[in-house]
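Please look over the sequence and the model together.

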Amino acid sequence: MAALARLFKTQFPFLLRRSLSTTTTTTATVSEIQPQRQRPNSSILFPLTDDPKGCRNFQWVFLGCPGVGKGTYAGRLSSLLGVPHIATGDLVREELSSSGPLSHQLEEIVNQGKLVSDEIIFNLLSKRLEAGESKGESGFILDGFPRTIRQSEILDEATEIDLVINLKLREDVLIEKCLGRRICSECGKSFNLASINAKAENGYPEITMAPLLPPPQCSSKLITRADDTEPVVRERLRIYKEQSEPVEDYYRNQGKLMEFDLPGGIPESWPKLLEALNLDDYGDKRSAAA
Ligand SMILES: Nc1ncnc2c1ncn2[C@@H]1O[C@H](COP(=O)(O)OP(=O)(O)O)[C@@H](O)[C@H]1O
């Protein structure tokens, strides 16, 4: 992690110049997505052990459109696996609300649904990685990064990603979810007031999602993200298709992409995601291995 943070910080201009697009085409099934450097026959449950320092922890990435639930599922996996969940959107929002030198510039970009510059993102990310390193963190689940081919190439120069989880949901539901999203201004937890019941259409199955309501202590402190308005959500979706969908192909071509169609809300999706990741009895396996 320290090396990664340093590399981002010191080598950024060089890495940026060197980054070039790659275009090969292969696809993998979920069962083929086992990090290549793992022990034979081990599942993705166990961190790699051929690192020069002895071992390293999970290095996973979450992809998916705005509102799909990257933060929710990355956060849950982070608690389960004991690796930090690092969301670049959160880093951007923290910087934005800090009234630091960048905050004005960031506010304008974020509130229009645009992407902030690679330079700013790599700076925020290296600061976050350094802070984590000093607390003894290792591994990561990245959420909202990489978001462009260039960011993916620079990340690849810096370290090896084991697995990329691509969460998928139909667009009408994504919009409803973004518009229903609320955040507690005190504890920072995310909730959703939308009660979704989307009929089967255009080849998509029917999908229902119950609202995720706040507990009483949060309900009077809910705020809406300034970029969760319908025009800005549509712009973020447009930018995702243009700039971030190619990142899905980038990792698909590396055989690291696991597609996951969300079947419903958290109660339906979380157990299915654990199953797809072969983590459904992770707690038991971990204690057996200890
Ligand atoms: N990797 C990134 N590159 C550029 N901009 C980013 C990145 N991550 C976050 N941002 C900025 O922060 C905003 C919020 O990010 P995030 O919370 O991940 O939103 P979303 O709900 O659209 O996935 C983005 O719209 C963008 O302006």
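N192 has its place in strand β6, residues 190-192; strands (E, at least two residues) and helices (H or I, at least four residues) are DSSP runs, numbered from the N terminus. This is a predicted model, in which local features need pLDDT of at least 70 and side-chain atom pairs count only at pLDDT 80 or more, while totals for chains, interfaces and linings use all residues. Residues are numbered from 1 along each chain as its sequence is written, and side-chain values use heavy atoms, with hydrogens and water left out.

N192 counts as buried because its relative accessibility is 12%; buried means under 20% relative accessible area, exposed over 50%, and partly exposed in between (1.4 Å probe, protein chains only). Which backbone atoms lie by the polar atoms of the N192 side chain? One is the backbone oxygen of K177, 2.9 Å from a polar atom of that side chain. Another is the backbone nitrogen of A194, at 3.0 Å from a polar atom of the N192 side chain. Leaving aside residues up to four places away in sequence, N192 touches K177, G180, R181, P211, L212 and L213, where contact means heavy atoms within 4.5 Å.

L77 counts as buried because its relative accessibility is 0%. Not counting residues up to four places away in sequence, L77 touches W60, F62, G82, I141, I165, W270, L273, L274, L277 and L279. From L77 to C178 there are 101 residues in sequence and 22 Å in space, taken from C-alpha to C-alpha.

Helix α3 spans residues 88-96, and its buried residues are T88, L91, V92 and E95. Seen down the axis of α3, these residues fall within an arc of 100°, so they line one face of the helix; the arc is that of the directions from the helix axis to the C-beta atoms. An α-helix has 3.6 residues a turn, so residues three or four places apart point the same way. The cover over the buried residues of α3 includes β2 (85-87), α4 (103-111), α5 (118-134) and β3 (140-143).

Now take the protein as a whole. Its secondary structure comes to 11 helices and 10 strands. The protein has 290 residues, of which 46% count as buried. Among contacts with a separation of 6 or more, 71% are between residues 24 or more positions apart. The protein exposes about 14,700 Å², and carbon and sulfur atoms supply 51% of it; accessible areas come from the Shrake-Rupley method with a 1.4 Å probe, and for residues, only the protein chains shown count as cover.

Conventions
A polar contact is a pair of N or O atoms within 3.5 Å; within protein, one must be able to donate a hydrogen and the other to accept it, and residues adjacent in sequence count only if both atoms are side-chain atoms.
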